[in-house]
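Please look through the structure below with its sequence at hand.

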Amino acid sequence: MSDIFQYISTVSFVKIIEFVGTIAFAISGVRLAAAKEFDWFGALVVGFVTAIGGGTVRDLLLDVTPFWMLNPIYLICSVIGLIIVIIFSKKLVRLDTPFFIFDTIGLALFVVVGIEKSIHLNFPFWVAIAMGTITGIVGGIIRDIFIHEIPLVFRKEIYALACVFGGIVYWICFHLNFSDIICEITTSSAIFIIRVLAVKYQWGLPKMKNL
């Protein structure tokens, strides 16, 4: 009986991660669209694509139905993100810090979701880490293309590498037989901390030289 309750609590926690990550990524997309003076519908589209883009590509590669097509809650989460930006527009649109925070939260949580879904489908860990990274970064790439910006992942900042490092942290926790919730919290925290430190101390990879 205790195993059943533990399973239910774990599943519920994963869903909470998905919903919070969806709202966070939607806010990051809507916020940038608002800064470009998109109308409400255009901002919602950008927010929704930001929230579901990475998971959609992941699910197509894993040969399963894209997650957002099975439950309208993800569209609802995107609408919630739009409403939040509309209500708090003065604080969210004009400042870079809120965008960074919501984008980093979405990144950290979605990497965990991508890793766990791949593991549950019995893919090897290296695939799970790749799928976690795709889940975390692809939505942001599509968002930046929509608003005519160079995708953040292609700039000097540590972004995708934070996802890969988070995947390695999850792998270590998994093989140390930590509970799912501990793996999830540790991994998402590691990704968040790496992103914060990378931005604060301007960590980055060397740029390619024009030969």
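Phe19, Phe67 and Tyr74 form one aromatic cluster, where rings of Phe, Tyr and Trp (its six-membered ring) are taken to pair if their centres lie within 6.5 Å, and planes under 30 degrees apart count as stacked, over 60 as edge-to-face and the rest as tilted. This is a predicted model, in which local features need pLDDT of at least 70 and side-chain atom pairs count only at pLDDT 80 or more, while totals for chains, interfaces and linings use all residues. Residues are numbered from 1 along each chain as its sequence is written, and side-chain values use heavy atoms, with hydrogens and water left out.

By the ring rule, the count comes to seven aromatic pairs. In one of them, the rings of phenylalanine 25 and phenylalanine 110 have centres 5.3 Å apart and planes at 85°, so this pair is edge-to-face. The pair links distant parts of the chain, since phenylalanine 25 belongs to helix H1 and phenylalanine 110, 85 residues apart from it, to helix H5 (residues 96-120); helices here are DSSP runs (H or I, at least four residues), numbered from the N terminus. Both phenylalanine 25 and phenylalanine 110 are buried, where buried means under 20% relative accessible area, exposed over 50%, and partly exposed in between (1.4 Å probe, protein chains only). The rings of tyrosine 201 and tryptophan 203, with centres 6.1 Å apart and planes at 20°, are stacked; tyrosine 201 is partly exposed at 49% relative accessibility, and tryptophan 203 is also partly exposed, at 43%.

Glutamate 18 lies in helix H1 (residues 2-35) and is buried, with a relative accessible area of 9%. Its side chain is joined to that of tyrosine 74 by a polar contact of 2.9 Å, that is, a pair of N or O atoms within 3.5 Å, of which, within protein, one must be able to donate a hydrogen and the other to accept it, residues adjacent in sequence counting only if both atoms are side-chain atoms. If neighbours within four places in sequence are left aside, glutamate 18 is in contact (heavy atoms within 4.5 Å) with Phe67, Tyr74, Phe110 and Val113.

The largest nonpolar core has 37 residues, and those with the most contacts inside it are Leu107, Ile115, Phe125, Ile137 and Tyr159; such a core is a set of buried Ala, Val, Leu, Ile, Met, Phe, Trp, Tyr and Cys residues joined through side-chain atoms within 4.5 Å. Two or more residues come from each of H1, H2, H5, H6, H7 and H8, and H6 gives the most, with nine. Apart from this core lies another, of 12 residues, among them Val30, Ala33, Ala43 and Phe99.

Helix H6 itself is largely enclosed by the rest of the structure, because 17 of its 22 residues are buried. There is a kink of about 30° in H6, centred on isoleucine 137, the bend being the angle between axes fitted to the seven residues ending at a residue and the seven starting there. Beyond its neighbours within four places in sequence, isoleucine 137 is in contact with Leu107, Val153, Tyr159, Ala160 and Cys163.

Aspartate 63, in the loop between helix H2 (40-61) and helix H3 (73-87), has a positive phi near 65° and is exposed at 71% relative accessibility. Asparagine 177, in the loop between helix H7 (160-175) and helix H8 (180-200), likewise has a positive phi near 65° and is exposed, at 70%.
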